[in-house]
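Please read the following account alongside the sequence and the coordinates.

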Amino acid sequence: MIDTQTLIACTGATRADAERYTLHLADGMNRFRIHSDSAVAAFLGQLTIESDALQKVEEDLNYKTPDRLREIFPSLFVKGGYRAEDYIRNPRALSQLRYKGFHGRGLIQLTWEEAYIAAGRAIGADYRGNPDLLLQPQHAAFSACWFFAEYKGCIAPAERGDIYDVTGRVNGPKRLKLAERKAATARAFKVLSA
């Protein structure tokens, strides 16, 4: 079972952030069988990047310039015909347009209605009807554990040490911040195997 100090050492989180999530992550990792040092390290490595070291549990959709919106969402604002100017500093409207309200929430940014429904079934919560439950520590942690272990099947590649594969499953084909995810996983593995 993970403790607060180990969580801090593995993720670089502040004590307050680690204390907020330690018990929920320990329960979730146990429930979804994230046990070995390799699996826990890969999970915490992804979590570190997805949540900015346990600081964030919601995708930041508060864009300040139309050019940035066009860069991040070209299918909407370059090809799709939507005016980027209408979505500047308007995260709620952007969430509705892009994700139908099911933007990234939780310690691993759970995204899309289908994932909210599946997570809710697995955990026993109504995330579709009440998406903001995923902002609460228990649900933010449990949904991340479920997503990693069951929804995306990351335990087997984590056991092989294949962080490229794990990152693709968690983050998609662009594998954003792959080098940082590998470094965070290596740091966590060093702590856990000491």
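Helices α2 and α8 pack with their axes 8 Å apart and at an angle of about 35°, where axes are lines fitted to C-alpha atoms, for helices over the stretch in contact, and angles run from 0 to 180 degrees between N-to-C directions. The model is a predicted one, in which local features need pLDDT of at least 70 and side-chain atom pairs count only at pLDDT 80 or more, while totals for chains, interfaces and linings use all residues. Residues are numbered from 1 along each chain as its sequence is written, and side-chain values use heavy atoms, with hydrogens and water left out.

The crossing of α2 with α8 is right-handed, that is, the near helix is turned clockwise from the far one by less than a right angle. On the α2 side the contact (heavy atoms within 4.5 Å) involves residues including Tyr 21, His 24 and Leu 25, and on the α8 side residues including Ala 140, Ala 141 and Phe 142. Sorted by class, this contact has 8 nonpolar, 3 polar and 3 charged residues; Ala, Val, Leu, Ile, Met, Phe, Trp, Tyr, Cys and Pro count as nonpolar, Asp, Glu, Lys and Arg as charged, and the others, Gly among them, as polar.

The largest nonpolar core has 49 residues, and Leu 25, Leu 47, Leu 107 and Phe 148 are among those with the most contacts inside it. Such a core is a set of buried Ala, Val, Leu, Ile, Met, Phe, Trp, Tyr and Cys residues joined through side-chain atoms within 4.5 Å, with buried meaning under 20% relative accessible area, exposed over 50% and partly exposed in between, for a 1.4 Å probe and protein chains only. Elements giving two or more residues to this core include α2 (15–31), α3 (37–50) and α8 (137–151), and α8 gives the most, with 9 residues. Leaving aside neighbours within four places in sequence, Leu 107 is in contact with residues including Tyr 21, Leu 25, Leu 47, Ala 140 and Ala 144. A second, separate core of 10 residues includes Leu 69, Phe 73, Leu 76 and Leu 94.

The axes of α1 and α11 (residues 178–192) come within 8 Å and cross at roughly 145°. Here Thr 6, Ala 9, Cys 10 and Thr 11 of α1 meet Ala 184, Arg 187, Ala 188, Val 191 and Leu 192 of α11.

Arg 33, in the loop between α2 and α3, has a positive phi of about 60° although it is not a glycine. Lys 177 lies in the loop between α10 and α11 and is exposed, with a relative accessible area of 51%.

Notes
Helix = DSSP H or I, 4+ residues; strand = E, 2+ residues; numbered from the N terminus.
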